[in-house]
Amino acid sequence: MTPEINLTRDPAHLRHGSSIGQPLTRTDGVLKVTGKARYAADNHPPGMLYAVIATSCIARGRVKSLDVAAAKRHPGVVDVMTPAHKPELAEDPDAKGNPFAFRMELLQSDEVRYANQAIAVVIAETLEAATEGAALLSPRYQVEIARVGLDAGEPYAPPVVGIGNPAEVVHGEIDAGFAAASKLTDATYETPAQYHNAMEPHAIVAVWDGDKLFLDTPSQGMAIAQGRIGGLLGIPPGNIHINSPFLGGGFGSKGLVSGPQMLGIMAARLVGRPVNLVLRRSQMYGPVGHRASTRQRLRLGADDAGVLTVIDHHARITTSSFDDFYEPAADASHTLYASPAIRTAHEAVRVDTGTPLFMRAPGEATGSIALESAIDEMAFACGIDPLDFRLRNYAEVEPTTGKPFSSKALRQCYARGAERFGWARRPLAPRQMRDENGFLVGWGMGTATFPALMFQGNARAVIRADGSGVMESGAHDMGQGAWTALTQISADALGLDLGEITFRSGTSDLPDAGIAGGSAHTATVGAAIHNAGAAVIARLAELATPDERSPLFGAGNAGVVARQGRLHRRDDETRSESYAEILARAGLAEIDASGTGAADPAAQSHYAMHAHGAVFAEVKVDPELGQIRATRLVGAFAAGRIINPRLVQSQLFGGMIWGLSFALHEEAVMDHRSGRILNANLAEYHVPVNADVPPMDVITVDEHDPHVNALGIKGVGEIGITGSAGAVANAVWHATGIRVRRFPIRIEELVTGLS
Amino acid sequence: MMNFDYVRPANVADAIAAASEKGAVYLASGTNLLDLMKGGVSRPSRLVDVTRLPGLDRIERLDDGGLRIGALVRNADLAHDAAFARDYPAIAEALLSGASAQLRNAATVGGNLMQRTRCGYFYDAASACNRRWPGAGCDALEGENRLHAVLGWSEGCIATHPSDFCVPLVALDAVVEIEGRSGRRELPLEALHRLPGDTPDRETALEPGDLIVALRLPAEAQGFAAHARYVKVRERTSYAFAVVSAAAALRIEDGKIREARLALGGVAAKPWRAHAAEQLLAGTAPDAAVYREAARATLAEARPSGDNAFKIELAQRIVVRALTLAAAGTPARIPALPGSPFSSVAGA
Ligand SMILES: Cc1cc2nc3c(=O)[nH]c(=O)nc-3n(C[C@H](O)[C@H](O)[C@H](O)COP(=O)(O)OP(=O)(O)OC[C@H]3O[C@@H](n4cnc5c(N)ncnc54)[C@H](O)[C@@H]3O)c2cc1C
Ligand code: SF4
């Protein structure tokens with residue numbers, strides 16, 4: 001079933017003429033808070049069985065035996081899928097077809113690559129029976145010593161980092177940069193492995209009908225998933241129908257179909273019945289990606305005027321033993337600060353974990369906290385206020401490429417954020433401020449940045465006989481509010497009020513909307529919608545303007561504008577005709593047209609395209625106990641056109657809270673011998689709770705960008721983390737005088753430092 | 001899930017009979033037990049659900065001025081009982097500093113006392129753990145142990161008892177009422193939890209079938225109500241266990257500490273009563289130097305069990321802080337951030 005979202009809401013909200021720019025609440029909000037939104041695992045097709053993955057408790061070695069008989073004897077167990085008993089695959093899950101095809105464990109062998117890897121799947125009539133069946137498998141292993149941590153092996157230079165970025169970039173003369181410096185800083189920062197931990201675990205309900213496959217599963221990229229699943233199973237992607245109307249968060253971990261989701265599909269094939277497979281929370285720590293741990297050394301040089309002469313950013317990152325994803329941590333230094341010499345370099349160490357993948361602001365988040373800390377250290381070494389220092393090193397063009405920015409209102413972000421925060425009153429030296437209760441107070445800041453990306457996406461627009469409109473695009477709402485923003489764009493694209501259109505989305509049966517990632521979904525699908533709307537309006541105009549019976553006769557295509565369900569002559573606005581009238585005369589039930597959104601290579605080769613921001617943080621620290629509390633966060637962001645200020649604010653809040661989490665809370669704790677994660681649950685894997693989140697202020701700075709895409713959208717999904725993490729860390733230093741370079745900042749570092 | 005018997009006895013005698021068999025355990029609200037079962041850490045063959053036992057959900061004032069709290073009273077109900085919070089403010093604050101509102105609404109008094117350690121290796125069924133499997137060894141010893149014990153640990157086990165509630169309780173001489181196969185008995189709370197020694201698997205003094213039916217606070221405990229605090233350092237503001245915590249309660253008369261009560265949480269396998277410090281404080285005028293001395297005395301025997309030497313220093317500072325805050329006087333209302341060092345901040 002195609003989910004439909006009809007917008008009938010308080011007209012007081014609406015500004016007629018344009019829906020873009022209005023602070024609408026989420027169109028699916030009521031469905032969600034009333035429990036009516038149907039998430040993947042809420043589906044129960046008749047005859048459905050439950051599949052539970054048995055996971056490995058060793059991080060490296062082989063499975064020597066599984067007690068399949070014991071599992072099968074357990075009442076309710078229907079079948080046990082193992083390397084010896086599973087459906088044939090058309091493709092080796094370890095084959096690397098394209099950069100987005102990551103290796104997955106689909107029981108292709110008895111090898112164990114990381115703890116929590118799937119080693120069998122038990123399929124049963126009930127979840128309980130399948131769970132117990134999985135426990136009864138009692139695997140025996142041949143154990144090899146696990147490689148854990150950043151020093152687990154010989155570092156090597158990765159071929160690329162991120163998706164196709166060079167591992168090393170050198171701009172200018174590094175040695176000359178160091179020689180020209182009168183101040184040098186050299187510091188090493190560590191960031192831990194982090195796990196996405198979306199509220200909704202990866203889940204799938206798989207139903208086979210011959211060689212057609214129907215899936216309810218959360219996806220940030222349905223068309224890519226169709227391709228991958230089709231390839232593995234040897235069926236045409238078009239035979240695969242994915243429903244993904246609601247995601248309980250993804251953060252990148254649902255960008256690509258994961259091994260466990262594939263196992264659910266294989267289990268359904270094996271038993272010939274619908275199958276439900278939902279990961280347990282602890283099982284999310286392994287097969288569905290994570291943020292790699294990093295150790296980053298930043299060597300900066302500056303002259304007497306506080307102008308950077310060199311940025312040398314070196315990152316060591318972990319990756320899995322069997323695949324290649326390299327967190328592009330050092331790339332954060334490519335764009336932010338002007339310097340005649342910039343080098344970024346990466347080296348990798350293979351460890352026995354699942355393959356790290358994209359996690360909200362991949363590279364930018366890890367790199368930003370290190371870079372922003374290093375900038376803060378250098379500003380202090382130069383005796384310059386951190387904001388002043390950043391302004392002295394403001395990049396007027398993209399430093400590593402020399403390209404002009406398509407737009408960059410970062411100066412305004414600095415100015416407005418600083419003003420709102422009261423930054424001017426900040427003492428230069430640390431440990432100068434106390435509140436009335438004697439707590440240490442510190443102020444820190446960071447610059448935020450994220451590239452303005454575009455992928456490719458399509459949309460189909462329809463105008464119906466009654467004059468109403470439909471917009472279709474298989475877009476993905478991860479909770480960020482994509483449907484709402486895209487509905488607003490659709491209304492404007494069709495020249496209709498919100499109440500007159502239906503937006504259809506969330507299924508692969510609709511036009512491919514690309515991937516909801518890289519903060520590019522609204523921009524990409526928005527452009528597709530914009531173009532589809534323009535195309536269908538053009539068709540409408542083609543029907544009317546050559547027709548003598550139309551008041552628009554003779555206006556020519558370029559001579560009409562669409563507004564509130566009517567086409568108007570541009571030269572004479574009193575002459576107009578409704579969509580319904582035009583279609584009625586033409587005897588058409590509806591007309592449609594398609595549109596595509598994609599990057600403009602010409603614009604991209606001319607311009608560097610990035611969103612920017614400035615984040616200011618206040619923390620308080622107990623001077624004896626070392627307990628930290630963030631008390632204020634102010635962020636000012638310039639991210640092109642704002643489609644829906646309410647949703648944008650919410651994205652930025654969320655990102656900034658994640659930045660706080662990065663600095664103070666989040667970390668997967670791994671046993672260095674076994675490679676097992678000891679806090680694979682939401683009780684001990686800490687993210688901020690409400691009581692940790694301070695009052696926050698988000699300012700969006702106007703930015704008109706004619707180059708990024710048709711609507712001038714830059715995207716706000718990820719930028720909030722960057723800048724914020726460093727701002728909080730810098731505030732802790734400013735409060736205490738203790739520079740902690742290992743994140744999250746732990747209480748012992750402060751307890752030992754404060755005395 | 002594995003199959004197990006589930007029984008819901010009608011009275012305490014039946015409960016004890018049902019729970020005396022091997023493999024049987026009591027189930028209260030299950031906020032700890034069910035997690036352990038789902039993780040395969042605990043695999044009981046029978047659950048004896050005590051939540052419907054009559055008469056165990058009351059808070060009663062006793063003739064001698066003491067208070068008797070039924071084992072089934074919910075953590076939240078107890079903390080929000082106005083008279084209780086007035087008379088035992090540090091206990092209420094400790095309760096409210098624990099877990100989350102949802103968990104406190106469910107968790108029972110008995111379950112809180114009997115909750116198991118949060119040692120990550122105890123929870124990880126694939127790790128060696130003497131508590132789960134006597135003689136298996138202790139993977140925490142050379143593992144991730146920054147939050148483990150600094151007092152009273154042995155090579156056999158370095159885990160801590162995680163309860164906040166128990167910390168002021170032990171300071172205030174709470175007594176546990178137990179019904180068992182050989183009848184009724186009572187035990188000071190201080191004697192309920194055992195230090196690991198050579199038998200870390202024997203976590204408490206309870207015998208098979210023993211049911212905690214109530215907790216008693218003696219009349220004297222109310223005498224500290226004007227100067228009682230609980231301070232808890234944790235890695236986020238709420239919904240986190242203590243790194244280290246302390247309960248301090250003072251009876252101050254004529255500018256002198258007549259009697260002091262002090263206990264630490266997060267440092268040992270049991271809530272740690274600081275008797276030596278209490279003696280040191282008695283008769284002195286409230287003063288930072290004395291508090292520091294008390295702190296040193298409390299941690300005199302402390303030894304790091306791993307990467308946790310900082311806890312020894314931190315524990316001393318918390319002792320000083322808890323005493324300082326207690327001497328300053330119990331706040332009129334339980335702070336909005338209970339137990340937090342920031343709780344003294346207006347509006348926090
Ligand atoms: C995410 C999370 C965070 C938490 N954070 C904190 C925290 O910060 N501070 C804190 O103090 N606690 C915390 N807790 C622990 C919580 O306080 C306990 O789980 C709860 O008090 C247990 O009560 P229950 O009734 O659910 O016990 P159950 O889980 O039912 O039982 C726990 C144990 O006690 C035994 N038992 C129960 N009742 C009796 C009885 N009457 N006699 C004998 N034995 C009995 C059971 O057999 C079992 O072994 C947290 C728990 C969770 C899950
Ligand atoms: S410290 Fe105790 S509970 Fe933890 S692993 Fe060792 S024996 Fe088990």
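**Figure 1. A:Glu581 and A:Arg566 pair in a salt bridge.** The closest N and O atoms of A:Glu581 and A:Arg566 lie 4.0 Å apart. A:Glu581 is partly exposed, at a relative accessible area of 40%. A:Arg566 is partly exposed too, at 30%. The view, like those that follow, comes from a predicted model.

**Figure 2. A salt bridge joins the side chains of A:Glu573 and A:Arg563.** The N to O distance is 2.8 Å. The partners are 10 residues apart and come from distant parts of the chain. A:Glu573 lies in the loop between strand S25 (566–569) and strand S26 (576–578) of chain A. A:Arg563 is in strand S24 (residues 560–563) of chain A. A:Glu573 has 39% relative accessibility and counts as partly exposed. A:Arg563 has 32% and also counts as partly exposed. Over all chains, the salt-bridge count comes to 77.

**Figure 3. B:Arg321 meets A:Glu624 across the two chains.** Their side chains form a salt bridge of 2.5 Å, N to O. A:Glu624 is in the loop between S28 and S29 of chain A. B:Arg321 is in helix H12 (residues 309–328) of chain B. A:Glu624 is partly exposed, with a relative accessible area of 39%. B:Arg321 is buried, because its relative accessible area is 12%, under the 20% cut-off. A:Asp622 also forms a salt bridge with B:Arg321. Here the closest N and O atoms are 2.5 Å apart.

**Figure 4. Chain A and chain B share an interface that buries about 3,400 Å².** Carbon and sulfur atoms give 54% of that area. On the chain A side, A:Leu625, A:Gln627 and A:Leu678 lose the most area to chain B. Together they account for 18% of what that side buries. In all, 41 residues of chain A are in contact with 40 residues of chain B. Six salt bridges are counted between the two chains.

**Figure 5. Polar contacts link 21 residue pairs across the interface of chain A and chain B.** Both residues of each pair are at pLDDT 80 or more. Four elements of chain A each supply at least two residues to the side that touches chain B: helix H3 (127–136), strand S28 (610–621), strand S29 (628–638) and helix H16 (747–753). H3(A) gives the most, with five residues. By type, the residues on this side of chain A divide into 19 nonpolar, eight polar and 14 charged.

Figure 6. A:Gly481 is buried, because its relative accessible area is 2%, under the 20% cut-off. Leaving aside residues up to four places away in sequence, A:Gly481 touches A:Arg26 and A:Leu647. A:Val693 is 212 residues from A:Gly481 along the chain. The C-alpha atoms of A:Gly481 and A:Val693 are separated by 22 Å.

How values were computed:
Residues numbered from 1 in each chain as written. Chains lettered and ligands numbered in written order. Predicted model: local features only at pLDDT ≥ 70, side-chain atom pairs only at ≥ 80, totals over all residues. Heavy atoms only, no water. Contact = heavy atoms within 4.5 Å. Buried area = accessible area lost by both parts, 1.4 Å probe. Polar contact = N/O pair within 3.5 Å; in protein donor to acceptor, adjacent residues only side chain to side chain. Nonpolar A, V, L, I, M, F, W, Y, C, P; charged D, E, K, R; others polar. Buried < 20%, exposed > 50% of the residue type's maximum accessible area, 1.4 Å probe, protein only.
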